[in-house]
Amino acid sequence: MVGRRAWQRALNPHARDRASFVPELIALLEASGRLVLVDNDTPSCLPADWRFHVSDGHTPGMLLAEIPMPDGPLVFAADLIPGAPWVHVPITMGYDRFPEQLIDEKQTLLQYLAREGGRLFFTHDPQLCCAYVLCDSASRRFSASAGQQMLSNSAA
């Protein structure tokens, strides 16, 4: 499953983000017959309560899959929040296309996850694959915790 806008970008990448797309993999995926292009709605091949968040800060049209879990949502953070250090809102990567927009997208997603007892699945963290999102009510700063959500924390 790929966002339609992200797919179009992969087919015709800008020089700035060409390294984000591997041409051989694009051709293989297209030839596989398994490619599902998503326009923000949950495709019929997924459970109806799964959803996608769309991010344009790293690469335009990137999808972040959200899976409902009994103890709160789990979001595949992709390159919006690739690891625990990037949970700190102002931290971005040098190859993010629109860093200020990315920061706003992170803030919104982290507030939601902290409020809902949600977790992030990280794509690039060698130490931590999944963590709860916590928000310190005094400092209004987010953090990632591998342990159970602390009830004293609440979203900003």
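This is a predicted model: local features need pLDDT of at least 70, side-chain atom pairs count only at pLDDT 80 or more; totals for chains, interfaces and linings use all residues.

Stop 1: Select residues 99-116, which make up helix α3. With 18 residues at 1.5 Å a residue, the helix should span 26 Å, and its end C-alpha atoms are 25 Å apart, so the two values agree.

Now show the side chains. Which residues of α3 are buried? They are Leu102, Glu105, Lys106, Leu109, Leu110, Tyr112, Leu113 and Ala114. An α-helix has 3.6 residues a turn, so residues three or four places apart point the same way. Colour the strands next: the buried residues of α3 pack against several of them, including β3 (51-55), β4 (62-67) and β7 (130-136).

Step just past the end of α3 and click on glycine 117, which takes a positive phi of about 70°.

**Stop 2: the hairpin.** Select β7 and β8, which form a hairpin with four residues between them. In the turn, look for arginine 140, with a positive phi of about 60°. The two strands pair in the antiparallel sense over five bridges.

**Stop 3: one residue up close.** Stay in β7 and select valine 133. Is valine 133 buried or exposed? Its relative accessibility is 2%, so valine 133 counts as buried. Leaving aside neighbours within four places in sequence, valine 133 is in contact with Leu110, Leu113, Ala114, Gly118, Leu120, Phe142 and Ser143. Three of those names, Leu110, Leu113 and Ala114, are also among the buried residues of α3.

Technical notes:
Residues are numbered from 1 along each chain as its sequence is written. Side-chain values use heavy atoms; hydrogens and water are left out. The expected span of a helix is 1.5 Å times one less than its number of residues. Buried means under 20% relative accessible area, exposed over 50%, partly exposed in between (1.4 Å probe, protein chains only). Contact means heavy atoms within 4.5 Å. Two strands pair if DSSP finds at least two bridges between them.
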